[in-house]
Amino acid sequence: MSFTPLFPGMLLDAADRFAQDHAATQDFAETDPIREMGWACTVVPEESGGVGGTLADLASIVEGLATHGLHLPVVETCAVAPILLQAAAPEASARWLEAVCEGSAKIAPLTALSASLDDIAVQAKQLDIGCELTGVVQGVDVSLAATHYLVPAVLQGTGEAAIFLVDKERIPAPTTTYRTMEGRRGADFRLEHLREPALACIARGAEAQRALVQADNAALLLTATDTVAALATLIQQTVNHLKERRQFGVTLSSFQVLRHRTADMYVRYLGAKGLLMHAFQEYDSDAADLRRTLRLMKVALAETARTCAESAIQMHGGMGVSEEVLATRLAQRLLASEFRYGDRLTHAARLLAPQPTFPGVHHERQP
């Protein structure tokens with residue numbers, strides 16, 4: 001079985017080494033490794049103080065971390081937040097992006113991990129001197145400290161999308177915090193009549209909607225990268241386990257049924273890898289059917305990930321339910337990824353339903 005890197009290069013090597021060194025660390029509340037490593041600047045344009053890299057560069061980092069089962073909110077901090085910030089007016093966008101790269105601002109999206117970014121949970125009521133935000137946002141990643149939050153909202157009366165940049169000090173404390181299946185620190189927030197000045201709204205209308213769709217596309221691609229990278233390591237871990245464990249005087253790898261099951265996992269992995277590479281090609285070429293392609297990929301990868309995760313757990317036997325085993329943590333990661341940025345049923349339903357068309361945003365063609 002061959003497992004070549006998805007996105008080889010120096011970024012992958014750096015992320016891989018970092019993940020190896022911190023494999024036993026799951027809580028980075030007191031540090032900020034994403035900014036210390038400079039990853040927050042990856043896709044920020046050079047004129048705004050960033051690296052001016054591509055989404056594939058960011059995918060290298062995601063791959064390196066996923067291979068060792070290490071969680072950091074790279075998707076949210078390094079992709080979603082910068083893309084949403086670029087929807088602001090040029091001067092404001094450049095100022096905030098420079099602050100992100102300098103480390104003086106730590107900006108994170110106040111969005112649900114389980115929902116698409118254009119599935120907005122907050123309502124904004126327009127006032128004479130600003131807006132009033134109300135809504136419940138569940139499942140926000142709070143693994144790293146933030147100084148500001150980007151809050152998508154729907155403007156009452158017009159139905160337009162808007163993006164607000166809110167100081168963390170003005171955001172109420174979470175109603176509850178918890179550990180998610182794959183080890184993230186999650187939290188639920190309730191905004192009740194939170195008043196913000198007009199300047200807090202950095203984008204609205206078609207521009208805000210376009211940014212939300214672009215950020216969601218990036219999040220889906222990077223989550224898929226995480227899935228395929230974790231899947232590769234999971235299969236390797238399973239193969240090693242079958243070669244090392246013995247039963248009835250022989251190694252488990254000598255049992256034909258287990259060999260066939262492992263081969264099935266590998267074939268599914270190859271299919272998942274092909275889907276991911278095709279989706280990146282569509283993204284790079286700004287294909288008209290990109291949104292549809294990403295939804296189809298999400299549906300297919302979710303089924304593959306769940307099937308392979310369950311198979312790996314079963315073939316590990318009793319060890320498959322211990323979080324001390326890397327394969328178990330990777331299986332949890334794969335199961336959780338199905339629900340990141342919309343589960344497969346949600347995306348399947350949207351594939352079958354007409355989608356609204358926004359200026360400058362590619363809409364999905366119906367199958």
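Leu212 is buried, and its relative accessible area is 0%. This value, like the others in this report, comes from a predicted model. Leu212 sits in helix α6, which covers residues 206-244. Leaving aside residues up to four places away in sequence, Leu212 touches Leu84, Leu117, Ile120, Pro152, Ala161 and Ile163.

Ile83 is 129 residues from Leu212 along the chain, while the C-alpha atoms of the two are separated by 8.2 Å.

## Helices α1 and α3

Helix α1 spans residues 10-21 and helix α3 spans residues 55-67. The two helices pack with their axes 7 Å apart, at an angle of about 25°. Angles under 35 degrees count as roughly parallel, and α1 and α3 are therefore roughly parallel to each other. Their crossing is right-handed.

On the α1 side, the residues that meet α3 are Leu11, Leu12, Ala15, Asp16, Phe18 and Ala19. On the α3 side they are Asp57, Ser60, Ile61, Glu63, Gly64, Leu65 and Thr67. By type, the residues of this contact between α1 and α3 divide into 7 nonpolar, 3 polar and 3 charged.

## Asp57 in helix α3

Asp57 belongs to helix α3 and is one of the residues there that meet α1. Asp57 is partly exposed, at a relative accessible area of 28%. Not counting residues up to four places away in sequence, Asp57 touches Leu11 and Thr42. Leu11 is itself among the α1 residues in the contact with α3.

Met10 and Asp57 lie 47 residues apart in sequence, and the distance between them in space is 9.4 Å, C-alpha to C-alpha.

## Aromatic pairs

The structure holds 6 aromatic pairs. One of them joins Phe18 and Trp39 in an edge-to-face arrangement, 5.7 Å centre to centre and with 80° between the planes. Phe18 lies in helix α1 and Trp39 in the loop between α2 (33-36) and α3, so the pair ties together parts that are 21 residues apart in sequence.

Elsewhere, ring pairs link Phe3, Tyr266 and Tyr269 into a cluster.

## Helices α7 and α8

Helix α7 is made up of residues 256-284, and helix α8 of residues 290-315. The axes of these helices come within 10 Å and cross at roughly 160°. That makes α7 roughly antiparallel to α8, since angles over 145 degrees count as roughly antiparallel.

The crossing of α7 past α8 is left-handed. The residues of the contact between α7 and α8 divide into 15 nonpolar, 7 polar and 3 charged.

Arg333 is placed in helix α9, residues 326-337. Is this residue buried or exposed? Arg333 counts as buried, because its relative accessibility is 8% and the cut-off for buried is under 20%.

With residues up to four places away in sequence left out, Arg333 touches Leu65, Ala66, Gly69, Leu70, His71, Glu182, Asp226 and Ala230.

Conventions. Residues are numbered from 1 along each chain as its sequence is written. This is a predicted model: local features need pLDDT of at least 70, side-chain atom pairs count only at pLDDT 80 or more; totals for chains, interfaces and linings use all residues. Side-chain values use heavy atoms; hydrogens and water are left out. Rings of Phe, Tyr and Trp (its six-membered ring) pair if their centres lie within 6.5 Å; planes under 30 degrees apart count as stacked, over 60 as edge-to-face and the rest as tilted. Helices (H or I, at least four residues) and strands (E, at least two) are DSSP runs, numbered from the N terminus. Axes are lines fitted to C-alpha atoms, for helices over the stretch in contact, and angles run from 0 to 180 degrees between N-to-C directions. Angles under 35 degrees count as roughly parallel, over 145 as roughly antiparallel, 65 to 115 as roughly perpendicular and the rest as oblique. A crossing is left-handed if the near helix is turned anticlockwise from the far one by less than a right angle, and right-handed if clockwise. Ala, Val, Leu, Ile, Met, Phe, Trp, Tyr, Cys and Pro count as nonpolar, Asp, Glu, Lys and Arg as charged, and the others, Gly among them, as polar. Contact means heavy atoms within 4.5 Å. Buried means under 20% relative accessible area, exposed over 50%, partly exposed in between (1.4 Å probe, protein chains only).
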